[in-house]
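Thanks for coming. I will go through one chain today, a few places at a time, and then the chain as a whole.

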Amino acid sequence: MKLLLINIKELLQVRENPPSKVSGKEMNHLPTLKNAWLLIKDKKIEDFGSMDVPPKGKFTQILDCTGRIVLPTWCDSHTHIVYAGNREQEFVDRINGLTYQEIAEKGGGIVNSAKKLQQTSEKELFRQSAERLEEVIYMGTGAIEIKSGYGLTTKSELKMLRVAKKLAKKYPIDIKTTFLGAHALPTEFKNNKDGYLELICNEMLPKIAEEKLADYIDIFCEEGYFSVADTERILSEGSKYGLIPKIHVNQFNAIGGVAAGVKHKALSVDHLELLTDEDIKALQNSETIPVALPGCSFFLSIPYTPGRHIIDAGLPLALATDFNPGSSPSGNMNFVVAAACIKMKLTPEEAINGATINGAYAMGLSETHGSITKGKAASVIITEEIPSYSFLPYSFGTDYINQVILNGRLL
Ligand SMILES: N=CN[C@@H](CCC(=O)O)C(=O)O
Ligand SMILES: [Zn+2]
């Protein structure tokens with residue numbers, strides 16, 4: 001199967017020898033090729049070039065992309081799309097004056113989602129999650145990370161991860177999974193945090209490792225949830241099973257979790273709505289990538305991650321949706337890119353790098369995703385006819401995706 005895209009107005013993120021991530025000033029550079037063609041062979045990118053030198057040979061299908069921009073699909077490195085029901089009542093409660101923390105203290109929040117998920121069968125959980133996955137695929141997401149963390153019992157955490165694995169089997173999108181048992185204290189362990197941590201370490205982790213259900217280990221390092229010491233313990237325990245750390249940190253308070261993440265060689269530290277100079281220092285000279293989740297800031301009306309400051313400090317930055325029922329019920333990476341430009345003052349080039357090549361890095365997919373490179377996955381977005389790539393974040397809220405190709409498959 002050879003699929004040829006011709007007359008592409010502009011092919012974005014074209015890299016012959018792609019770096020694993022881009023940092024600081026490099027983030028403002030988005031390599032492109034105007035008036036281009038792209039050749040896809042089976043599931044991979046075979047070649048690309050200028051229409052001045054068109055490719056020779058026979059092709060199964062030719063797509064004329066006149067006026068359209070083509071770019072790698074979004075890499076959404078932080079989601080919780082496997083969940084049951086929704087939490088729109090909490091949304092209304094917040095409009096009426098309660099804070100996210102107050103709602104959690106009253107038994108809402110993560111524990112509320114856990115209650116719903118525990119009562120939902122695996123089949124129904126799959127059905128609900130598949131609907132969301134299909135939605136994000138058509139919005140241009142070609143690789144996605146999915147966390148557990150709404151189970152909070154061994155049975156339900158396993159149920160979530162099994163559903164994520166089944167989604168990976170059924171859909172052409174690339175999926176990485178993360179075990180987030182330490183997302184909140186379940187009601188039964190309200191006054192026994194150590195007991196719950198024991199359960200995670202002695203029961204959940206061995207089972208998850210045995211069934212090979214997760215690539216990463218995560219924890220919500222935050223006041224009222226898990227401390228830095230808990231974080232260190234869970235990350236080292238996960239590492240014993242080969243799970244690479246990725247953490248939720250600095251969402252509401254900066255308590256030293258970023259340095260702990262770096263110390264444990266976390267692949268990413270996510271949220272960072274609050275960031276200290278010490279955090280920035282800890283991240284410099286590390287391989288850990290900061291991940292901003294502007295959809296969460298928008299939805300909860302909390303500060304935006306200081307992305308401008310992070311990039312100006314020479315660091316890389318990835319962008320993700322945090323799609324979840326409580327703090328960001330949207331998996332729209334197009335909106336995330338727009339919000340990063342509008343609210344975090346990223347240039348369109350920085351935002352597109354954050355959502356493609358750096359997103360791929362934040363989910364361990366640098367080798368196969370995030371750029372238009374020979375041999376990488378043929379997962380691309382074909383836009384509608386638009387004047388320039390800056391038009392995508394500029395016209396926030398409007399869908400300008402014409403077609404999505406995932407691993408060579410035209411959807
Ligand atoms: N902050 C922790 N976890 C999720 C939200 C969980 C929820 O409210 O259901 C997040 O990334 O925002
Ligand atoms: Zn999250």
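Start with Ser-129, which counts as buried because its relative accessibility is 0%. Buried means under 20% relative accessible area, exposed means over 50%, and partly exposed is in between, with a 1.4 Å probe and protein chains only. Ser-129 sits in helix 4. Helices here are DSSP runs of H or I with at least four residues, strands are runs of E with at least two, and both are numbered from the N terminus. Leaving out neighbours within four places in sequence, Ser-129 contacts Ile-81, Val-82, Tyr-83, Val-163 and Leu-167. Contact means heavy atoms within 4.5 Å.

Before going on, the conventions. This is a predicted model, where local features need pLDDT of at least 70 and side-chain atom pairs count only at pLDDT 80 or more, while totals for chains, interfaces and linings use all residues. Residues are numbered from 1 along each chain as its sequence is written, chains are lettered from A and ligands numbered from 1 in the order in which they are written, and side-chain values use heavy atoms, with hydrogens and water left out.

Now the helix pairs. Two packed helices are described by the angle between their axes and the distance between the axes. How do helix 4 and helix 5 pack? Helix 4, residues 122–138, and helix 5, residues 154–170, have axes 10 Å apart at an angle of about 50°. Helix 4 is therefore oblique to helix 5. On the terms: axes are lines fitted to C-alpha atoms, for helices over the stretch in contact, and angles run from 0 to 180 degrees between N-to-C directions. Under 35 degrees counts as roughly parallel, over 145 as roughly antiparallel, 65 to 115 as roughly perpendicular, and the rest as oblique.

On the helix 4 side, the contact is made by Glu-122, Leu-125, Phe-126, Ser-129, Ala-130 and Leu-133. Helix 5 brings Lys-159, Met-160, Arg-162, Val-163, Lys-166, Leu-167 and Lys-170. By class, the contact of helix 4 with helix 5 has 7 nonpolar, 1 polar and 5 charged residues. Nonpolar covers Ala, Val, Leu, Ile, Met, Phe, Trp, Tyr, Cys and Pro; charged covers Asp, Glu, Lys and Arg; the others, Gly among them, are polar.

The next pair is helix 6, residues 193–210, and helix 7, residues 228–240, with an angle of about 10° and axes 11 Å apart. Helix 6 and helix 7 are therefore roughly parallel to each other. From helix 6, Lys-193, Asp-194, Leu-197, Glu-198, Ile-200, Cys-201 and Leu-205 meet Asp-230, Arg-233, Ile-234, Glu-237 and Gly-238 of helix 7. That contact of helix 6 with helix 7 divides into 5 nonpolar, 1 polar and 6 charged residues.

On to strand 8, residues 174–182, where Leu-180 is found. Is Leu-180 buried or exposed? Leu-180 counts as buried, at 0% relative accessibility. Apart from residues up to four places away in sequence, Leu-180 touches His-80, Lys-147, Ser-148, Gly-149, Glu-157, Asp-218, Ile-219, Phe-220 and His-248.

Asn-17 is in the loop between strand 1 (2–12) and strand 2 (32–41). At 74% relative accessibility, Asn-17 counts as exposed.

His-271, in strand 11 (residues 268–271), has a positive phi near 100° without being glycine. His-271 is buried, with a relative accessible area of 2%. Asn-407, in the loop between strand 15 (401–406) and strand 16 (409–410), is not a glycine either, and its phi is positive at about 45°. Asn-407 is buried at 17% relative accessible area.

Last, the whole chain. The chain has 15 helices and 16 strands, and 60% of its 411 residues count as buried. Its C-alpha atoms fill a box of roughly 70 × 45 × 45 Å along the principal axes. A compact globule of 411 residues would have a radius of gyration near 22 Å, and the chain's 21 Å agrees. That radius is taken over C-alpha atoms, and the globule rule is 2.2 Å times the number of residues to the power 0.38.
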